[in-house]
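Please view the sequence and the model together while reading.

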Amino acid sequence: MTATGKYLRIALGIAVIAALIIVPMNFNRYGLYILSQWAVMTIAAMGLNLTLGYAGQVSLAQGAFVGIGAYAAAIMTTQGGMPLIAALGVAIVLCFAIGWILGYPALRVQHHYLAFVTLAFSTLAFLVFRNEDWLTKGIYGISNIPRPNVMGFATNRPLPFYYFCLGSLALVSLAMWWLIRSPWGRAFVALRENPVRALSLGIDTRRYTLMAFAIGSALGGVAGTLYAPLTQYIDPVPFNLSLSLDLLMMVIVGGSGFFFGPFLGAMIAVLLPEWLRFTQGYYLMLYAVAVMLLLIYSPTGILGILDRYLAERRTKAASALRAVAKSRLETAP
């Protein structure tokens with residue numbers, strides 16, 4: 001990457017961050033709710049992107065882990081009177097442990113077989129949310145979920161809570177940025193590309209497969225812990241299979257295996273339907289058609305298109321340099 005390109009990326013990043021902070025100040029309650037939902041779903045999609053995009057393990061259970069985190073937050077803050085940070089710790093540990101256990105089938109089955117295993121867990125979790133009234137209140141749900149105080153500042157109003165969600169997204173993003181550039185991240189990519197070769201290089205593929213599931217699931221729990229105070233009411237319906245499929249679509253549409261894929265995919269899944277509401281009853285049809293056309297044109301998602309374009313530019317630039325060097329050699333005395 002040239003110095004100019006690096007500075008342009010930094011400037012673009014600063015502009016986007018500034019826009020996310022300043023522009024929502026003029027939004028109404030519903031607009032802030034949608035943006036907060038985008039931040040929460042991005043965190044959940046980042047966890048799935050780690051499992052699917054970097055480690056190559058298919059999972060249809062991410063929505064269930066969001067539900068586990070949401071119910072942990074709702075139960076502990078409404079019935080236990082505990083702060084949200086305590087619920088966050090419990091959700092991370094619980095989802096990490098369950099994700100680790102769920103990763104064991106990935107040691108024996110792959111691809112669509114593994115998808116069926118995680119689908120079964122997602123169905124089981126939904127049945128627990130719906131039927132265990134003594135814990136989850138069943139179909140009646142849990143209401144009046146409080147929003148937290150952060151260092152003495154209340155987040156009851158929509159704008160402060162949006163900033164709380166945005167700050168949480170920033171912290172998770174920094175942690176994920178470090179992870180995928182650490183030896184763990186390189187091991188995850190090696191596991192996705194060629195497990196046999198990774199094993200021959202001394203990588204403990206068993207341990208890293210389990211870690212991919214566990215860390216990705218824990219991020220789903222983090223998203224759920226934010227989702228509960230965002231809506232301030234939860235019931236089993238939002239955590240059925242459709243949420244896991246939506247998160248899978250976010251990862252694939254944005255770009256599986258790209259760091260910013262979940263950000264873009266969640267933006268399309270959460271914001272695009274709202275932008276298309278001017279079409280009235282046709283907005284869901286247009287949304288579905290747009291997603292299908294994108295995946296037909298680029299199975300690697302939107303960032304896959306950009307990556308392919310940049311690769312072609314680099315190839316053309318390298319070819320031009322070789323041609324210039326060759327002509328100089330031929331004309332040299």
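Leaving aside neighbours within four places in sequence, with which residues is alanine 115 in contact? The model examined here is a predicted one. In this model, alanine 115 is in contact with Val58 and Leu60, once its neighbours within four places in sequence are set aside. Alanine 115 belongs to helix H5, which covers residues 111-131. Alanine 115 has a relative accessible area of 14%, and because buried means under 20%, alanine 115 counts as buried.

**The nonpolar core**

The largest nonpolar core has 83 residues. Ile234, Phe239 and Leu247 are those with the most contacts inside this core, and helix H2 supplies its largest share, 15 residues. Leucine 247 touches Met41, Ala44, Ala45, Leu48, Gln62, Gly63 and Val66, when residues up to four places away in sequence are not counted.

Helix H3 comprises residues 62-78. Of its 17 residues, 16 are buried, so H3 is largely enclosed by the rest of the structure. The length of H3 can also be checked: at 1.5 Å a residue, its 17 residues should span 24 Å, and the end C-alpha atoms are 24 Å apart, which agrees.

**The largest pocket**

The largest pocket holds about 2,200 Å³ of space. Its lining consists of 39 residues, and the closest to the centre of the pocket are Arg9, Leu12, Gly13, Trp177 and Phe260. Helices H1 (3-22), H2 (29-54), H7 (158-180), H12 (261-275) and H14 (302-331) are the elements that give two or more residues to this lining. H1 provides the largest share, eleven residues. By type, the lining divides into 26 nonpolar, seven polar and six charged residues.

**Tyrosine 162**

Helix H7 contains tyrosine 162. Is tyrosine 162 buried or exposed? At 0% relative accessibility, tyrosine 162 counts as buried. Apart from residues up to four places away in sequence, tyrosine 162 touches Leu20, Pro24, Leu32, Leu35 and Ser36. Tyrosine 162 and glycine 224 are 62 residues apart in sequence, and their C-alpha atoms are 15 Å apart in space.

Most residues other than glycine have a negative phi. The following table presents two residues for which phi is positive.

| Residue | Phi | Relative accessible area | Class |
|---|---|---|---|
| Asparagine 144 | near 55° | 68% | exposed |
| Glutamine 232 | near 60° | 33% | partly exposed |

Asparagine 144 is found in the loop between strand S1 (142-143) and strand S2 (149-150). Glutamine 232 lies in the loop between helix H10 (205-231) and strand S4 (233-234). Why is glutamine 232 counted as partly exposed? Its relative accessibility is 33%, and the partly exposed class lies between under 20% for buried and over 50% for exposed. Asparagine 144, at 68%, is exposed because exposed means over 50%.

Terms used
Residues are numbered from 1 along each chain as its sequence is written. This is a predicted model: local features need pLDDT of at least 70, side-chain atom pairs count only at pLDDT 80 or more; totals for chains, interfaces and linings use all residues. Side-chain values use heavy atoms; hydrogens and water are left out. On a 1 Å grid over the protein atoms alone, a cavity is a set of points where a 1.4 Å probe fits but cannot get out, and a pocket is an open set with protein on both sides within 12 Å along at least five of seven lines; lining residues have an atom within 4 Å of a point. Grid points are joined across faces, edges and corners, and a volume is the space filled by probe spheres set on the points. Helices (H or I, at least four residues) and strands (E, at least two) are DSSP runs, numbered from the N terminus. Ala, Val, Leu, Ile, Met, Phe, Trp, Tyr, Cys and Pro count as nonpolar, Asp, Glu, Lys and Arg as charged, and the others, Gly among them, as polar. A nonpolar core is a set of buried Ala, Val, Leu, Ile, Met, Phe, Trp, Tyr and Cys residues joined through side-chain atoms within 4.5 Å. Buried means under 20% relative accessible area, exposed over 50%, partly exposed in between (1.4 Å probe, protein chains only). Contact means heavy atoms within 4.5 Å. The expected span of a helix is 1.5 Å times one less than its number of residues.
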